Amino acid sequence: MYTIYDIDCLLYFLKIKRTDLLEAEFNHIVVSNKVFNSLNNPSIPDFIKDNLNNLVDKGFVKVEEISYNTKTFDIYYEIKEDHKNQVLGDGEASSIAIAIKNNGTIAYSNPDAIKCYLEKYDLKCITVEDILKDLLKKGIISQGEFESLLK
């Protein structure tokens with residue numbers, strides 16, 4: 001499965017220092033260069049940047065560049081210029097564009113905010129809760145762990 005992570009969903013696992021859960025659930029995940037750069041911003045705590053960069057170094061997180069003069073860039077630009085969706089930032093728009101290009105699943109914490117794109121491009125969206133429910137179902141985490149992680 002080709003899963004593209006937006007900032008909020010990936011940041012959740014980085015903040016709680018449980019990227020092992022992502023590694024148990026996925027072979028790899030993809031982030032756009034916009035998401036990667038945002039998470040490497042100087043205002044982001046070092047432990048989060050270090051965790052992310054370690055995942056990139058070992059090949060679990062793959063950073064996908066959105067280059068000019070590509071179909072992905074055209075989709076990204078269209079989303080960014082869509083005045084009806086002013087709440088979408090670079091991370092969200094780039095994640096959606098990459099998901100469209102690769103017919104992938106987008107990991108995003110607020111699917112309602114991008115519902116029009118999910119419907120228009122027939123994309124699947126998963127949330128942190130969906131990931132944790134699947135880990136619970138597979139027995140990777142316990143019910144108690146599930147409940148504490150959702151708090």
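Reply: Salt bridges and helix packing

Glu129 and Lys133 are joined by a salt bridge, with the closest N and O atoms 3.5 Å apart. A salt bridge here is a side-chain nitrogen of Lys or Arg within 4 Å of a carboxyl oxygen of Asp or Glu. The structure is a predicted model, in which local features need pLDDT of at least 70, side-chain atom pairs count only at pLDDT 80 or more, and totals for chains, interfaces and linings use all residues. Residues are numbered from 1 along each chain as its sequence is written, and side-chain values use heavy atoms, with hydrogens and water left out.

Both partners belong to helix α8, four residues apart, and are therefore separated by about one helical turn. Helices (H or I, at least four residues) and strands (E, at least two) are DSSP runs, numbered from the N terminus. An α-helix has 3.6 residues a turn, so residues three or four places apart point the same way. Glu129 is partly exposed, with a relative accessible area of 36%. Lys133 is also partly exposed, at 43%. On this scale buried means under 20% relative accessible area, exposed means over 50%, and partly exposed lies in between (1.4 Å probe, protein chains only). Elsewhere, salt bridges that share partners join Glu25, Asp134, Lys137 and Lys138 into one network.

Lys138 is partly exposed at 47% relative accessibility, whereas Glu25 is buried at 16%.

The next step is the neighbour of α8. Helix α8 (residues 128-137) packs against helix α9 (residues 143-150) at an angle of about 170 degrees, with the axes 10 Å apart. The axes are lines fitted to C-alpha atoms, for helices over the stretch in contact, and angles run from 0 to 180 degrees between N-to-C directions. The two helices, α8 and α9, are therefore roughly antiparallel. Angles under 35 degrees count as roughly parallel, over 145 as roughly antiparallel, 65 to 115 as roughly perpendicular and the rest as oblique.

On the α8 side, Glu129, Leu132, Lys133 and Leu136 meet Gln143, Phe146, Leu149 and Leu150 of α9. The residues of this contact between α8 and α9 divide into five nonpolar, one polar and two charged. Contact means heavy atoms within 4.5 Å. In that division, Ala, Val, Leu, Ile, Met, Phe, Trp, Tyr, Cys and Pro count as nonpolar, Asp, Glu, Lys and Arg as charged, and the others, Gly among them, as polar.

Glu129 also gives a reference point for the rest of the chain. The C-alpha atoms of Glu129 and Ser32, 97 residues apart along the chain, are separated by 22 Å. Ser32 sits in strand β2 (residues 29-32) and is buried, at 0% relative accessibility. Beyond its neighbours within four places in sequence, Ser32 is in contact with Val63, Glu64, Ser94 and Ile98. A polar atom of the Ser32 side chain lies 3.0 Å from the backbone nitrogen of Val35.

Asn33 is in helix α3 (residues 33-39) and counts as buried at 9% relative accessibility. The Asn33 side chain reaches the backbone nitrogen of Ile66 at 3.1 Å. With neighbours within four places in sequence set aside, Asn33 is in contact with Val63, Glu64, Glu65 and Ile66.

Helix α1 (residues 7-15) and helix α4 (residues 46-57) pack at about 105 degrees, with axes 9 Å apart. That angle makes α1 roughly perpendicular to α4. Leu10, Leu11, Leu14 and Lys15 of α1 meet Phe47, Ile48, Asn51, Leu52 and Leu55 of α4. The residues of the contact of α1 with α4 divide into seven nonpolar, one polar and one charged.

As for salt bridges in total, the count comes to 12.

Notes: Polar contact = N/O pair within 3.5 Å; in protein donor to acceptor, adjacent residues only side chain to side chain.
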